[in-house]
Amino acid sequence: MTAALAPSETEAGCTETEVLRERGQREVFCGLTGIVWLHRKIQDAFFLIVGSRTCAHLMQSAAGVMIFAEPRFATAIIEERDLAGMADANEELDRVAAQVLARRPDIKTLFLVGSCPSEVIKLDLSRAAARLNQQHENVRVLNYSGSGIETTFTEGEDTCLEALVPELPAAPETETSLLVVGALADVVEDQFVRLFDQLGIGPVRFLPARRSEELPAIGAGTRYLLAQPFLGRTGAALDGRGAKRISAPFPLGAKGSEAWLKAAADVWGVDEALFETVIAAPRARAQRAMERYKDTLSGKRIFFFPDSQLEIPLARVLHEELGMQLTEVGTPYLHRGHLDCELPRLPSTVRLSEGQHVDRQLDRCRDIRPDLTVCGLGLANPLEAEGLSTKWAIELVFTPLQGFEQAGDLAELFARPLMRRDILRVG
Ligand code: SF4
């Protein structure tokens, strides 16, 4: 293995690189999937999907583990009706919501989650939420869309957090605070809290908060750091409330985590020596943990199908810190503003694609025959049958990857399919 310079030092990056934009058949989950991690994060919220039997099946299989617990999501199945039947549909929705809230007095926020069947589209869920807010005093009822027509996979989190922004209380005008935006595993959140505390940065708040009464206050003195790259609408809503984004790479890998913390440290005027003292040990742990997988990953060619919008920051880590060669990096949406610190760190040779025309992309992937292909569940088996090693993109969202302490897990997730292939070959 050679010790290569970081690409940002050797190459121009792909800030200006032309992006291949494709529109066609897509192979991605809809935004309902976000409920799987959001209901764990917001501990007193209930997600009532207003949908069809298909939506109920998707949620049951995506979150099958919940069968062992008292679930905090359900589907109100709206059967096919004509417009004249809409009054019944609203009554039915009110009845189901009342039933849920009567059974679960611990619920403080009820999300009505829209889906794509035509009979649901005809329902006005914002009016339904307003009506239910009047009927149920101690519960905040909000609505957002998880429809497959409007959202892909991680965008359900974006629409959910966007719905929360108008609910955030106003912060005192004189207060300067840091808001970390994007659902993180509690363990990761706690690690960041400790680091910010040691750096003297605060007060630090999180969106989403773990509990409804902890909604973060926001105002002109709020500076926010995005923890996830798929929050375009939430970012715009926060900007509308006067908060200002801190431009930073995403906290993935040792370098990404350091740069993310440093961006906040610079805004707070943290002394360089203190910064170095605080991060030296966790950064060294992250580097050591990643080093274990470098031999497996270095020089290997990787191809990303669009799925979670995490593709570009992950590609940056894999290239910059683990020496992988990027072929095509596809993403459902490319938000140049939020990726302003990521794109320059990618090599200018990478092909960036946005959106999807799955047949054309499959052809490109077959031509390249990468060592590792990151894709959704539906594409993984056929590609494996063609002899390509694959990584399920969904695991990258369901596994905590952010921060120094998770950098080794991130590298391992990508190394595992390659190690398994080597074992099978030897066997
Ligand atoms: S919201 Fe649409 S895409 Fe998602 S499960 Fe329901 S019907 Fe399918």
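Two strands count as paired if DSSP finds at least two bridges between them. Strands themselves are DSSP runs (E, at least two residues), as are helices (H or I, at least four), and both are numbered from the N terminus. The model here is predicted: local features need pLDDT of at least 70, side-chain atom pairs count only at pLDDT 80 or more, and totals for chains, interfaces and linings use all residues. Residue numbers start from 1 along each chain as its sequence is written.

Start with strands β6 (residues 177-181) and β8 (residues 222-226). They pair in the parallel sense over five bridges. L179 faces Y224 of β8. Both strands belong to an open, parallel sheet of four, ordered β7-β6-β8-β9. β7 (204-207) and β9 (244-245) stand at the edges with a single partner strand each, so one side of each has no neighbour in the sheet.

Now the domains. Their bounds come from an automatic or database domain assignment. It gives domain 1 (7-27 + 292-426), domain 2 (31-151) and domain 3 (177-288). The centres of domains 2 and 3, taken over C-alpha atoms, are 31 Å apart. Between these two, 10 residues of domain 2 are in contact with six of domain 3 (C-beta atoms, placed from the backbone, within 7 Å). Helix α2 (residues 35-41) supplies the largest share of the domain 2 side, three residues. That side divides into four nonpolar, two polar and four charged residues. Here Ala, Val, Leu, Ile, Met, Phe, Trp, Tyr, Cys and Pro count as nonpolar, Asp, Glu, Lys and Arg as charged, and the others, Gly among them, as polar.
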